[in-house]
Structure formats: structure tokens, C-alpha cells
Amino acid sequence: MLMRTDPFRELDRLAQQLMGPGTWSRPSAMAMDAYREGHEYVVAFDLPGVSADAIDIDVERNMLTVKAERRPMAKSDDVQMELSERPLGVFSRQIVLADTLDTEQIKADYDAGVLTLRIPIAERAKPRKISIDSGSDRKEISG
């Protein structure tokens, strides 16, 4: 078996072992990307190895909370673990959403270990044209 060593991976693994897996009261952070695409705000979370039923998404006022739990694989008695680097436990991320987003219309999609949330920009926050009255009903005051 070919093995490569990466000193930073070993530091990450050691830190994870010392801190232990994330728990519901002390979850670990999860990686994410956030960007605007047209009239939507998109947030993508990396959750490889997490089943869709282990993901919890909540919105309260303008606070978006995503929690997920990666559980250990079911092992039979004849399995002997040689190497375990994938972190287990609870992962969480909270994001404060702007008032310009429509939190009533959030759509969630989970594919290939990536949770993608699409949050539409509220109509009141979209650019719009303002019409100008021509003022043809003006009256002249003579004195």
C-alpha cells in the first residue's frame, strides 16, 4: 500500500482527536460558499457522507441555522479499522440573512454531499424604475 504523509493533515487529525467529535451542544464548523446568482442568494455547504435525513435547516427571523450529523458506519464483528480520518459528529453553521432576502421561499437541494440553499431576493429589494408625473395639471397663480 502506498502512503503519503501530509504534516498538516496529521495536525488536523490530532486536533480532531483532542477536541473529539462535534456534539449537539458543541458542534464543529462546516465549510460553505455563498454567492449571488441573478435574483437569488446561494449558499452551498459541504456535507460528504451525511444522509439527507441527518440534516436540519431552521430559519428564525433572519438567522439561518444548518446542523448535520455524520454517524459512524455500521461495522460487523469481523471488521478491523486500519485508518479513520473522516470526522464524525455534529456540524453546524449559522448565518445572519439580510432583510432583503425572502426567507419564506428558501429552497434546499442535497446532491453528492453538497447542501445547496437558494434564497430569493425580496421584490422590495430588487431595482425598479420610478415613473415621473408630467405635471400637466399645473395652475398659475396671478397676483
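Start by selecting arginine 118: this residue is partly exposed, with a relative accessible area of 28% (buried means under 20%, exposed over 50%, partly exposed in between, using a 1.4 Å probe and protein chains only). Arginine 118 in strand S8 and glutamate 40 in strand S3 link distant parts of the chain, 78 residues apart. Their closest N and O atoms are 3.2 Å apart, forming a salt bridge (a side-chain nitrogen of Lys or Arg within 4 Å of a carboxyl oxygen of Asp or Glu). Strands (E, at least two residues) and helices (H or I, at least four) are DSSP runs, numbered from the N terminus.

A note before moving on: this is a predicted model, in which local features need pLDDT of at least 70 and side-chain atom pairs count only at pLDDT 80 or more, while totals for chains, interfaces and linings use all residues. Residues are numbered from 1 along each chain as its sequence is written, and side-chain values use heavy atoms, with hydrogens and water left out.

For the remaining pair, select glutamate 69 and arginine 71, whose side chains meet at 3.7 Å, N to O. The count comes to three salt bridges.

Stay on strand S8 and pick threonine 116. Is this residue buried or exposed? Threonine 116 is buried, with a relative accessible area of 17%. Contact means heavy atoms within 4.5 Å; leaving out residues up to four places away in sequence, threonine 116 touches Val42, Val43, Ala44, Lys107, Ala108 and Asp109.

Next, head for the largest nonpolar core, which has 18 residues (buried Ala, Val, Leu, Ile, Met, Phe, Trp, Tyr and Cys joined through side-chain atoms within 4.5 Å). Select Phe45, Leu47, Ile55, Val66 and Leu115, the residues with the most contacts inside it. Strands S3 (40–46), S5 (63–70), S6 (89–96) and S8 (114–120) each give two or more residues to this core. Centre on valine 66: beyond its neighbours within four places in sequence, its contacts include Met30, Asp56, Phe91 and Leu117.

Finally, colour by pLDDT, the predictor's confidence in each residue from 0 to 100. Among the elements, helix H1 (residues 7–19) has the lowest mean (60) and strand S7 (residues 107–111) the highest (97).
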